[in-house]
Amino acid sequence: MKTLRLLIFVSAVFLFSCTTQQQLAETAQKVTAKVERGDFVLKFDYAMPLRMQPVNLTSEYTLKLKGDSAVAFLPYYGVAHTAPMNSSEGGIKFSEPVKDFSIRKNKRNDGWLIDFKVNTTEYHYQLHLVVYTNGKADLQVVSAERDAISFTGEMEQ
């Protein structure tokens, strides 16, 4: 009886691990295809301001890359060195063409390093993005007008 239970347990673990490996491979293929097309949406759920405590994000904040354009709807927490012209325009919001776009595999070969710049009428942003094959993503936004802020999230499937 103990042998039968052990056999059932080992079989269940084996089947679960095979399914998990297959799901990871499928996710990696989907993420790779989206990154190579340059057409994907990232949703962020955690913000790490430079001089403040990290913040769990409860609303939907995104960065969309499509071809040579980027659309961002992200919060901003931190020190701004210049005030926005319109005080209701807080956060990091833009829909602009990207400049100086570069993409390369990371050193561990489990994701991509994507760098680009975006200029709006008020701000000049440098974005450093890491997208992993499992769909997770890290974003750092740097601007001369504000302290840097980082975000973590994942690719929309």
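Guide: Welcome! Let's start at tyrosine 125, which counts as buried because its relative accessibility is 2%, under the 20% cut-off. Keep in mind that this is a predicted model.

Visitor: Which residue forms an aromatic pair with tyrosine 125, and how do I read the geometry?

Guide: In general, a pair of aromatic rings is described by the distance of the centres and the angle of the planes. Five aromatic pairs are counted here. In one of them, phenylalanine 94 and tyrosine 125 are 5.6 Å apart centre to centre, with 35° between the planes, so the pair is tilted.

Visitor: What does this pair tie together?

Guide: Phenylalanine 94 belongs to strand β4 (residues 92–97) and tyrosine 125 to strand β7 (residues 124–132), so the pair links parts that are 31 residues apart in sequence. Phenylalanine 94 is buried too, at 5% relative accessibility.

Visitor: Which charged residue lies over the face of tyrosine 123?

Guide: That is arginine 146, at 4.2 Å from the ring centre. The charged end of arginine 146 also sits over the ring of tyrosine 76, 4.6 Å from its centre.

Visitor: How many residues of strand β9 are buried, and which strands does β9 pair with?

Guide: Strand β9 (residues 146–155) has seven of its ten residues buried. It runs antiparallel to β1 (residues 39–49), joined by seven bridges, and pairs in the antiparallel sense with β8 (residues 136–143), also over seven bridges. Phenylalanine 151 in β9 is the bridge partner of alanine 47 and of leucine 139. Between β8 and β9, two residues complete a hairpin.

Definitions and conventions:
Residues numbered from 1 in each chain as written. Predicted model: local features only at pLDDT ≥ 70, side-chain atom pairs only at ≥ 80, totals over all residues. Heavy atoms only, no water. Buried < 20%, exposed > 50% of the residue type's maximum accessible area, 1.4 Å probe, protein only. Helix = DSSP H or I, 4+ residues; strand = E, 2+ residues; numbered from the N terminus. Pairing = 2+ DSSP bridges. Phe/Tyr/Trp six-rings, centres within 6.5 Å; stacked < 30°, edge-to-face > 60°. Lys NZ or Arg CZ within 6 Å of the ring centre and 35° of its normal.
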